[in-house]
Amino acid sequence: VQLQASGGGLVQAGGSLRLSCAASGSIFSIRRMAWYRQAPGKQRELVALITTDDNTNYAGSVKGRFTISSDNAKNTVYLQMDSLKPEDTAVYYCNADVRTYRFGTFSPYWGRGTQVTVSS
């Protein structure tokens, strides 16, 4: 299973970016997909998650500014980031709980990360 993220970049404060992450490989089903981020010198933190029945959860720091969505048919998750702040600067990682055809249980998979830099 591979998770390929894209859409990061450099943006001014107040601007917007949209991240995408597509899961591919021997996927039987996906239970949930999520975005995490890790800023320099800080621990990785959950930004937002979405389940296959469209339940969502957001970190308090991004609630009202970020929107997570998914296309289950394409095994793809999106993160629309609006009103970006310099403190949103981090490497953003895609995560998915995946059940493969080979194994009967769900396991977490991670993408390589995409850099988001917000200038003041």
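**Accessibility, disulfide and strand pairing**

Q: What is the relative accessible area of serine 83?
A: In this predicted model, serine 83 is found in the loop between β8 and β9. A residue counts as buried under 20% and as exposed over 50%, with partly exposed in between. Serine 83 is partly exposed, and its relative accessible area is 41%.

Q: Near which value is phi of serine 83?
A: Serine 83 is a residue other than glycine, yet its phi is positive. The value of phi for serine 83 is near 50°.

Q: Is asparagine 75 buried, partly exposed or exposed?
A: Asparagine 75 lies in the loop between β7 and β8, and its phi is also positive, near 50°. Because its relative accessibility is 23%, asparagine 75 counts as partly exposed.

Q: Which cysteine is joined to cysteine 21 by a disulfide?
A: The criterion is a pair of cysteine sulfur atoms within 2.5 Å, and by this rule the count comes to one disulfide. The S to S distance in this pair is 2.1 Å. The partner of cysteine 21 is therefore cysteine 94.

Q: How many residues apart are cysteine 21 and cysteine 94?
A: The disulfide joins cysteine 21 to cysteine 94. Cysteine 21 belongs to strand β3 (residues 17-24) and cysteine 94 to strand β9 (residues 90-100), so the pair links distant parts of the chain. The separation is 73 residues.

Q: Is the disulfide left-handed or right-handed?
A: Cysteine 21 is buried, with a relative accessible area of 1%, and cysteine 94 is buried, with a value of 0%. The torsion about their S-S bond is about -85°. The disulfide is therefore left-handed.

Q: Which backbone nitrogen does the side chain of threonine 100 reach?
A: Threonine 100 lies in strand β9 and counts as buried, at 9% relative accessibility. Threonine 100 touches Val1, Ser26, Phe28 and Tyr109, not counting residues up to four places away in sequence. At 3.2 Å, its side chain reaches the backbone nitrogen of phenylalanine 103.

Q: Which side chains of strand β11 point to the face that is buried?
A: Side chains alternate along strand β11 (residues 114-119).

Q: Which residue of β11 is the bridge partner of glycine 9 and of alanine 90?
A: Strands of a sheet pair through backbone hydrogen bonds, either parallel or antiparallel. Strand β2 (residues 9-12) and β11 pair in the parallel sense over four bridges, whereas β9 and β11 pair in the antiparallel sense over three bridges. In β11, glycine 9 and alanine 90 each have as bridge partner valine 116.

Q: Which strands are the edges of the open sheet of four strands?
A: The order of the sheet is β1-β3-β8-β7, with antiparallel pairing. The twist from one strand to the next averages 15°. An edge strand pairs on one side only, and the edge strands are β1 (2-6) and β7 (66-71).

Q: Which residue of β3 stands opposite leucine 3?
A: Strands β1 and β3 run antiparallel and are joined by five bridges. The residue of β3 that stands opposite leucine 3 is alanine 23.

Conventions
Residues are numbered from 1 along each chain as its sequence is written. This is a predicted model: local features need pLDDT of at least 70, side-chain atom pairs count only at pLDDT 80 or more; totals for chains, interfaces and linings use all residues. Side-chain values use heavy atoms; hydrogens and water are left out. Helices (H or I, at least four residues) and strands (E, at least two) are DSSP runs, numbered from the N terminus. Buried means under 20% relative accessible area, exposed over 50%, partly exposed in between (1.4 Å probe, protein chains only). A polar contact is a pair of N or O atoms within 3.5 Å; within protein, one must be able to donate a hydrogen and the other to accept it, and residues adjacent in sequence count only if both atoms are side-chain atoms. Contact means heavy atoms within 4.5 Å. Two strands pair if DSSP finds at least two bridges between them. Axes are lines fitted to C-alpha atoms, for helices over the stretch in contact, and angles run from 0 to 180 degrees between N-to-C directions.
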